[in-house]
Amino acid sequence: MAVEQPGKPTLADKIYDKMFHNYVWKSIFRTGYPNTPRNQMLVVATNLFLHLHPTRIHRTHVKITHTYCLGGLTFFMFLGLTVTGILLMFYYVPSVERAYLDIQNIQTNVQFGQLMRNMHRWMAHAMVILVFLHMMRVFYTGAYKPPREFNWVVGVILLVLTFLLSFTGYLLPWDQLAFWAITVGSEIAGAAPVLGPKTRFWMLGGFEVGPESLIRFYTLHVIALPLLAAIFMAVHFWRIRRDGGLARPL
Amino acid sequence: MATAVVARPAARPQARARDEEVLVWPDLVFVEFISALLFTFTIFILSVILNAPLLDQANPDVTQNPAKAPWYLLNLQELLLHMEAATAGVIVPTVWLIILGAFPYFDRDNDGQGAWFATEGSVKLTVVSAIVGVVGTWLLILWNQGTIASVLNSWFGISGGDTFRFLENSRAIQGNLPWPEWSESIPYLPFELRILDEGFTGFGATTFQNVDLPSFIVEIAIPIIMMVGLPSLLIYVLWRIGWVFTRRDALIVLFSGFVAVNAMLVLAGTGFRGEDQDLVFPWNLSVDEGIPGYQPPD
């Protein structure tokens with residue numbers, strides 16, 4: 001790997017120096033601007049968000065066709081859904097009387113409300129598709145093989161959590177589409193032998209989709225499942241690092 | 001001298017080849033940034049031109065026809081049309097998820113990791129299994145819908161008459177064969193087993209004592225035999241002709257078949273199921289608010 005040798009300082013270098021080598025900047029980021037290999041490694045190693053990555057990575061793994069960024073994009077969708085979801089939460093009350101009107105209100109009276117709702121919904125669909133494609137990528141590149149066995153299992157759990165997140169969100173607009181989709185979906189769960197009817201009762205908070213179902217799905221959707229998903233994601237990402245990054249041919 | 005025997009780990013992290021490595025910043029972070037940007041942009045544009053659907057306010061008295069689950073559950077809803085509810089909706093997906101999670105514990109060697117289709121013949125296996133999955137799923141759906149029988153009859157004049165009517169679809173096996181009366185209630189337990197008998201309305205206890213044999217054959221046995229048997233048969237045939245050698249090969253067949261079948265079931269449920277869950281062409285499906293099958297109330 002050729003190491004860049006610093007040349008004569010130019011005007012740009014001097015501005016860099018003023019901006020990134022001052023007391024305040026260094027107090028926040030510790031390293032200078034990542035324009036030298038040393039700083040580039042330090043910035044990854046010392047930044048909370050970047051340290052999900054190793055400082056160096058095998059050449060083949062930065063090729064877009066190796067992963068198509070599918071796992072990363074799934075995580076990115078999760079982040080985007082969190083942001084748009086929080087914005088929607090400011091205007092949405094999970095009660096049968098208000099839910100539908102609140103969605104209408106978001107769409108008509110709230111600045112960028114329709115846009116936020118659209119983005120939230122399309123990102124949710126995108127996340128389901130991406131997580132499935134990511135699973136296919138991992139399978140066809142043989143990336144579940146030792147020592148990554150358990151991370152595949154964590155991935156399957158995350159797949160189910162993604163479905164559940166999407167499914168619980170589906171009820172919240174409280175329109176005909178939501179109501180009947182959840183009715184059908186919960187009937188599928190209720191068909192389980194022995195435990196089915198009880199499971200459905202717990203899930204809906206009653207025998208039919210109603211006010212109790214709405215508050216249950218809302219709570220699951222905005223706090224319980226995202227927390228659970230975040231925990232499993234943390235395990236998922238941490239284990240990728242522990243197991244030596246992306247799988248590589250022997 | 002006692003020697004502690006320490007098993008060598010099955011797989012150790014690979015030795016690092018420093019000269020093969022690049023720095024994460026900028027090489028990887030840049031790629032991530034660009035793909036995040038592209039996706040934000042795409043989702044943003046999509047959201048500007050396409051509104052999320054919002055139908056009329058929920059009304060328990062007005063049933064949607066057809067009422068459909070979210071699209072990623074329509075695979076299960078499609079299965080429900082063909083078999084017993086508990087098996088289709090709960091047991092099959094649960095068992096499949098367990099099998100899926102167990103993949104790495106079945107295929108434990110390190111061959112073919114870290115690159116696309118790295119084992120020999122894996123592309124071939126993927127393509128063949130996917131085609132078999134697609135064709136097989138549609139054939140089974142069309143058969144069970146009676147479409148194959150009616151096409152054979154009306155286009156080619158082939159008809160089995162009343163004798164072979166039971167072959168038209170799986171339900172016809174139940175309805176058009178002379179099952180003796182006792183076969184509809186065969187006891188397999190000497191007493192009635194009642195589970196979760198809570199004794200108030202709404203939760204009937206789950207009881208076990210008798211089996212309705214024709215119904216069991218049609219609703220559970222045939223679908224399960226198809227689901228377990230057809231993939232097994234495919235793997236067996238590919239093994240006999242020398243395409244499947246390793247466990248990895250078998251998993252490729254199983255997984256590719258699953259992806260294809262799953263995609264077809266979702267597609268059938270989304271784009272081909274109209275009023276009363278009848279099979280229709282997508283262009284005959286009334287589509288409203290971007291939702292296939294939604295009928296605006298009159």
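This is a predicted model: local features need pLDDT of at least 70, side-chain atom pairs count only at pLDDT 80 or more; totals for chains, interfaces and linings use all residues.
Visitor: What makes S1(A) and S1(B) a pair of strands?

Guide: Two strands pair if there are at least two bridges between them. Here 3 bridges join S1(A) to S1(B), residues 21-23 of chain B, and the strands run antiparallel. The two therefore count as paired. Within this pairing, His58(A) has Glu21(B) as its bridge partner.

Visitor: How many residues of each chain are in contact with the other?

Guide: On chain A there are 82, and they touch 72 residues of chain B. Helix H7(A) supplies the largest share of the chain A side, 13 residues. By class, that side has 56 nonpolar, 16 polar and 10 charged residues.

Visitor: Which residues have the most contacts inside the largest nonpolar core?

Guide: That core has 83 residues, and Met77(A), Trp174(A), Ala178(A) and Val253(B) are among those with the most contacts inside it. Helix H7 of chain A, residues 113-140, gives the most to this core, with 14 residues.

Visitor: How is the packing of H5(B) and H8(B) described?

Guide: These helices, residues 122-144 and 213-240 of chain B, pack at an angle of about 145 degrees, with their axes 12 Å apart. Their crossing is right-handed. Leu125(B) and Gly136(B) are among the residues of H5(B) that take part, and Met226(B) and Leu238(B) among those of H8(B).

Methods: Residues are numbered from 1 along each chain as its sequence is written. Chains are lettered from A and ligands numbered from 1 in the order in which they are written. Axes are lines fitted to C-alpha atoms, for helices over the stretch in contact, and angles run from 0 to 180 degrees between N-to-C directions. Helices (H or I, at least four residues) and strands (E, at least two) are DSSP runs, numbered from the N terminus. A crossing is left-handed if the near helix is turned anticlockwise from the far one by less than a right angle, and right-handed if clockwise. Two residues are in contact if their C-beta atoms, placed from the backbone, lie within 7 Å. A nonpolar core is a set of buried Ala, Val, Leu, Ile, Met, Phe, Trp, Tyr and Cys residues joined through C-beta atoms within 7 Å. A residue is buried if 20 or more other C-beta atoms lie within 10 Å of its own, exposed if 12 or fewer, and partly exposed in between; C-beta atoms are placed from the backbone. Ala, Val, Leu, Ile, Met, Phe, Trp, Tyr, Cys and Pro count as nonpolar, Asp, Glu, Lys and Arg as charged, and the others, Gly among them, as polar.
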